[in-house]
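I put down each item as I came to it, with the residues concerned.

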Amino acid sequence: QPAIFIVEMALARLLATWGTKPAAVIGHSVGEFAAACVAGVFELEDAVRLVAARGRLMQEQPAGKMLAVRAPIERVPAQRPAGLPVAAVNSPAVTVVSGPPDAVDAFAASLAREQVQSTALVTSHAFHSSMMAPVEAPLVQRVGAVKRNPAKVEICSTALARVAAADELADPTYWGRQLLSPVRYADAVAVTASADTHRVFLEVGPGQVLSTLARQSLIGERPRTVVSCLGPVQAPGSDLENLLAAVGKLWVAGVADHW
């Protein structure tokens, strides 16, 4: 988690020096700490410590599993057993559930019998589920111990599925709820798109998963430019070349840079 955060912040700050600054930010799970840091809610050093502490606390919890289901959330509850919560709605067609290993495995088997595609995520724990409940109080305490500021950039919260008030993410209890709440990424993308018909979406972090999911969430909207800073994880090629190509795509889409 600290590595993801550091890559996101390094890219965001590099882009800022090139004149590319966001009109709005969205963060997926731990990425919301980077979004809050970009928006000025946290100082960088405090945010790094919070992310590291959050990761340690989560790793101390019992092992769990997460399963990405190729089905809209409306179809998933009918088949999902009790005690297996929805952890994320990543796009209109991808819903993630999270919970104890045996329950997730049994659910995956039942989906296979129904010929519903699912994929086990590469993770050690059941994030965004009640299995993370012991982390809530100590995390809230740690957030409360650092300086927090009203957001200076619009943040569309994936825990709330709406634009957060300027001081909402400065409330320590928000980060406890965010840890346990489903990541409503698809809703956040839709809300952000509806606010401005000319917005360009840029994935600022490793890989291209979120930009792919954003495209799925924007189907039916007016054509959008969706760009990722780096190439697919483990793909050949230079990250610098991918980043410069991304800047070029932004420029073609009308995003001004200080060359």
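**Entry on the model**

I note at the outset that I am working from a predicted model.

**Entry on helix 1 and helix 3**

I began with the pairing of helix 1, residues 2-17, and helix 3, residues 44-59, and found that they pack at an angle of about 155°, with their axes 9 Å apart. Since angles over 145 degrees count as roughly antiparallel, I put helix 1 and helix 3 down as roughly antiparallel to each other. I also recorded that the crossing of helix 1 and helix 3 is right-handed. On the side of helix 1 the contact is made by Pro2, Phe5, Met9 and Arg13, and on the side of helix 3 by Leu44, Ala47, Val48, Val51 and Ala52. Sorted by class, this contact of helix 1 with helix 3 comes to 8 nonpolar residues, no polar ones and 1 charged residue.

**Entry on helix 1 and helix 2**

I then turned to helix 2, residues 31-38, whose axis comes within 9 Å of the axis of helix 1, the two crossing at roughly 30°. Here the angle is under 35 degrees, the limit for roughly parallel, and helix 1 and helix 2 are therefore roughly parallel to each other. Their crossing is right-handed. I listed Phe5, Glu8, Met9 and Ala12 of helix 1 as making the contact with Gly31, Phe33, Ala34, Cys37 and Val38 of helix 2. The residues of this contact of helix 1 with helix 2 divide into 7 nonpolar, 1 polar and 1 charged.

**Entry on salt bridges**

How many salt bridges does a search of the whole structure find? I noted 5, and I wrote up three of these pairs, as follows.

In one of them, aspartate 105 is joined to lysine 65, with the closest N and O atoms 3.0 Å apart. Aspartate 105 belongs to helix 4, residues 101-113, and lysine 65 to strand 2, residues 65-69, so the pair ties together parts that are 40 residues apart in sequence. Aspartate 105 counts as partly exposed, at 36% relative accessibility, and lysine 65 is likewise partly exposed, at 33%.

Glutamate 154 forms a salt bridge with arginine 199, and there the closest N and O atoms are 3.3 Å apart. I placed glutamate 154 in strand 6, residues 154-157, and arginine 199 in the loop between helix 7 (185-195) and strand 8 (201-203), so that this pair ties together parts 45 residues apart in sequence. Are glutamate 154 and arginine 199 buried or partly exposed? I found glutamate 154 partly exposed, with a relative accessible area of 27%, whereas arginine 199 is buried, with 15%.

Arginine 162 forms a salt bridge with glutamate 168, the closest N and O atoms being 2.7 Å apart. At 36% relative accessibility, arginine 162 counts as partly exposed.

**Entry on positive phi angles**

I looked up glutamine 115 for its backbone and found a positive phi of about 60°, although this residue is not a glycine. Glutamine 115 sits in the loop between helix 4 and strand 5 (118-120), and at 75% relative accessibility it counts as exposed.

Alanine 161, also not a glycine, has a positive phi of about 60° as well. I located alanine 161 in the loop between strand 6 and strand 7 (162-163), where, at 13% relative accessibility, it counts as buried.

**Entry on valine 30 and isoleucine 4**

Which residues does valine 30 touch, leaving aside its neighbours within four places in sequence? I wrote down Gln1, Ile4, Val51 and Arg54. Valine 30 itself is found in the loop between strand 1 (24-25) and helix 2, and at 7% relative accessibility it counts as buried.

How values were computed
Residues numbered from 1 in each chain as written. Predicted model: local features only at pLDDT ≥ 70, side-chain atom pairs only at ≥ 80, totals over all residues. Heavy atoms only, no water. Axes fitted to C-alpha atoms, helices over the stretch in contact; angles between N-to-C directions. Helix = DSSP H or I, 4+ residues; strand = E, 2+ residues; numbered from the N terminus. Parallel < 35°, antiparallel > 145°, perpendicular 65-115°, else oblique. Left-handed = near helix turned anticlockwise from the far one by under 90°. Contact = heavy atoms within 4.5 Å. Nonpolar A, V, L, I, M, F, W, Y, C, P; charged D, E, K, R; others polar. Salt bridge = Lys/Arg side-chain N within 4 Å of Asp/Glu carboxyl O. Buried < 20%, exposed > 50% of the residue type's maximum accessible area, 1.4 Å probe, protein only.
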